[in-house]
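Me: I would like to learn how to read helix packing and salt bridges in a model. Could we go through them one at a time?

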Amino acid sequence: AENVQKMKELSEQMEELFKNALRNGDIDKESMKQLSETNQDLRELAEESLPKVQEKLNDSQSKQNTAEKTKKDLEDAVEEQKKAVEKMRETIDKANKAKERLEASTFVNRLKRAATDQDAVASAMLETGRRSVGLHISKVDPADLRGLAAASDQQVQAISDIGWIQEDLSSYYSRTQKEVHKTLYDAMVASRITRELTHVNRNIKENTLFRSIGPAKDWAQQLRDWAGQLEEDMASGGGGGGGGGGQSQEDEDFEFMLRVMKMIQTEQDIRARTRSLEQLKRSIQPEKKAAPPEKNVVPKAPVKDEEPANEVTQLIH
């Protein structure tokens, strides 16, 4: 009975996790599919598999049973428990694959974000450089100086982020032993990317901006290339399975359902924000006195504000 209750709680947590994942556009379809399958398995364990074991155990304790009936009910309970345990093992395996794929896709997103940061630095340097080219740092317009300081701070943060990506890649490889992550980690270390980006930052601080633009753009492309290597590995079946070959009808159906669910989740989020804004608006506006009702006019009944049905939960089920 305790296991049934715990499984129900876990199933509810998993369903909430899945709904929150719908809000994240960076999570790929295959990861969402694995999360959905794990969610389905947990719900079946909570609603079907474990309750069957509990039911058979209850039957075996009936005072009306013969010794033979009690033995049969206990044997059935053991058999149902074996099935439930096997399903638990399969569910754990699916959950681990989903987790592994989510972690792998996180590296892709972090590398792409780091590339975007370098593009932003290059663009800022190009714009400021047009106005301050050849000037000593003491002669640069104060507004441009503030822009240089902001770009330098952004570069410092980008260097720190890339350092953490390298460290996390090393830890991830230690756990998964996937060669693609070791290869990427070794390539990042060999490139001395954090040291080179520190040189870019030095040029920013010294207002030798055109020395910063080319390297920043080159590193942006290199970061995207590294992200592409991980994406290729995931598409070919790495990073927790999936990928490879054309789409089956089942995959296309799931992708369509996923798009619909994301649309519904977005609509619900908009509704919730709209209601919050409307309540805030009402709270700060003074109430207007109601106009006297017109003669011989039957007043309309107020329309009750109904909570929208949770379409996302319905679709998940």
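Reply: Let us begin with a pair of helices: α2 and α3 are roughly antiparallel to each other, a label given to angles over 145 degrees, whereas under 35 is roughly parallel, 65 to 115 roughly perpendicular and the rest oblique. This is a predicted model, in which local features need pLDDT of at least 70 and side-chain atom pairs count only at pLDDT 80 or more, while totals for chains, interfaces and linings use all residues. Residues are numbered from 1 along each chain as its sequence is written, and side-chain values use heavy atoms, with hydrogens and water left out.

Me: At what angle do α2 and α3 pack?

Reply: Axes are lines fitted to C-alpha atoms, for helices over the stretch in contact, and angles run from 0 to 180 degrees between N-to-C directions. Helix α2 (residues 29-60) packs against α3 at about 165 degrees, and their axes are 9 Å apart. Helices here are DSSP runs (H or I, at least four residues; strands are E, at least two), numbered from the N terminus.

Me: Which kinds of residues make up the contact of α2 with α3?

Reply: The contact divides into 13 nonpolar, 8 polar and 14 charged residues, where Ala, Val, Leu, Ile, Met, Phe, Trp, Tyr, Cys and Pro count as nonpolar, Asp, Glu, Lys and Arg as charged, and the others, Gly among them, as polar.

Me: How many salt bridges does a search of the whole structure find?

Reply: A salt bridge is a side-chain nitrogen of Lys or Arg within 4 Å of a carboxyl oxygen of Asp or Glu, and the search finds 17 of them. One of these joins Lys 72 to Asp 76 at 3.0 Å, N to O, and both residues lie in helix α3 (residues 67-132), 4 residues apart, or about one turn of the helix. Lys 72 is partly exposed at 42% relative accessibility, a class that lies between buried (under 20% relative accessible area) and exposed (over 50%), with a 1.4 Å probe and protein chains only.

Me: Which residue forms a salt bridge with Asp 119?

Reply: The partner of Asp 119 is Arg 224, with the closest N and O atoms 2.5 Å apart. Asp 119 lies in helix α3 and Arg 224 in helix α7 (residues 210-235), so this pair ties together parts that are 105 residues apart in sequence. Asp 119, at 22% relative accessibility, is partly exposed, and Arg 224, at 33%, is partly exposed too.
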